[in-house]
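Please examine the sequence and the structure shown below before reading on.

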Amino acid sequence: MRRQFTTYSGSKHPIEVVGIARDSKYRDALAKAASYFYVPLAQNYISLETLQVRSLRPPGSMIRDVEKQIHELAPGLPVFGVQTMEQTLNGGFTGFYAFHLGAYLAAALGILGLILAIVGVYGVISYSASQWTHEIGIRMALGARPRDVWKIVFGQGLGIVGVGALIGVLSAFAITRVMASFLYGVSAHDSLAYTAVSLLIASVALLACYIPARRAMKVDPMVALRHE
């Protein structure tokens, strides 16, 4: 049974369906798969066309053969811009170059932010530990054990990191809702990513707290008691 349909611009000339192809993305990688129909080139001529060739051979080794075959079939047809699909996808106009560049910049900013977080946590905890010298000396003179000093320093550090992580997660959740349209193949609310980043920051905070805590444990109680 023949199937036909008409378009708005050619209602008097029905188009016969001769086959069905799978929906695909025709304009860019971010576009959703849409319904299209193909017509013979003779019925809808466009001077600029793209020929895609699929083969089991290495793509680079096929370029000369494809060009030769085209020139044999149409000697006057110019062939230009020949490249592999990988080269096309890595390009700037129709490829993922802009996404790669954005990912690299985001990664660089993320690493810079992580370094600033490490330095900030270490600086705050180190300064706080130096301010607790007198209190730590009194505690140690009264019989406080080293693990009690660990609890003080680490408790202060993890408290700061906990508040910062909570604010950061809430802020990231709000920002990704705005940036969802720029993400490709990645969920804007990936719980694994949030958990991994939070654990990473907590681990970094533990490392940043280690040196001030170790320094505080070595405080001589008599020196600390004379500290003003």
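Which residues form a nonpolar patch on the surface? In this predicted model, the patch consists of Ile111, Ile115, Ile118 and Val119. Together these residues have about 350 Å² of accessible area. One of them, isoleucine 115, lies in helix H3, which spans residues 97–131. Isoleucine 115 has a relative accessibility of 44% and therefore counts as partly exposed, since that class runs between the limit for buried, under 20%, and the limit for exposed, over 50%.

Helix H3 also contains glycine 123. Glycine 123 is classed as partly exposed because its relative accessibility is 33%. The C-alpha atom of glycine 123 is separated by 9.4 Å from that of cysteine 209, although the two residues are 86 residues apart along the chain.

In soluble globular proteins, nonpolar side chains tend to be buried together.

The next topic is aromatic pairing. A pair of aromatic rings is described by the distance of the centres and the angle of the planes. How many aromatic pairs does a search of the whole structure find? The search finds 1 aromatic pair. Phenylalanine 5 and phenylalanine 37 form this pair, with 5.2 Å from centre to centre and 75° between the planes. The arrangement is edge-to-face because the angle between the planes is over 60 degrees. The pair links distant parts of the chain, its two members being 32 residues apart. Phenylalanine 5 belongs to strand E1 (residues 4–5), whereas phenylalanine 37 is in the loop between strand E2 (15–16) and helix H1 (63–73). With a relative accessibility of 28%, phenylalanine 5 counts as partly exposed. Phenylalanine 37, at 45%, also counts as partly exposed.

A further loop position is threonine 84, found between H1 and helix H2 (85–89). Is threonine 84 buried or partly exposed? Threonine 84 counts as buried because its relative accessibility is 14%, which falls under the 20% limit. When residues up to four places away in sequence are not counted, threonine 84 touches Pro59 and Gly60.

Conventions. Residues are numbered from 1 along each chain as its sequence is written. This is a predicted model: local features need pLDDT of at least 70, side-chain atom pairs count only at pLDDT 80 or more; totals for chains, interfaces and linings use all residues. Side-chain values use heavy atoms; hydrogens and water are left out. Patches are made of residues with over 30% relative accessible area and no salt bridge: like charges are joined within 9 Å, nonpolar side chains (Val, Leu, Ile, Met, Phe, Trp, Tyr) within 5 Å. Accessible areas come from the Shrake-Rupley method with a 1.4 Å probe; for residues, only the protein chains shown count as cover. A salt bridge is a side-chain nitrogen of Lys or Arg within 4 Å of a carboxyl oxygen of Asp or Glu. Helices (H or I, at least four residues) and strands (E, at least two) are DSSP runs, numbered from the N terminus. Buried means under 20% relative accessible area, exposed over 50%, partly exposed in between (1.4 Å probe, protein chains only). Rings of Phe, Tyr and Trp (its six-membered ring) pair if their centres lie within 6.5 Å; planes under 30 degrees apart count as stacked, over 60 as edge-to-face and the rest as tilted. Contact means heavy atoms within 4.5 Å.
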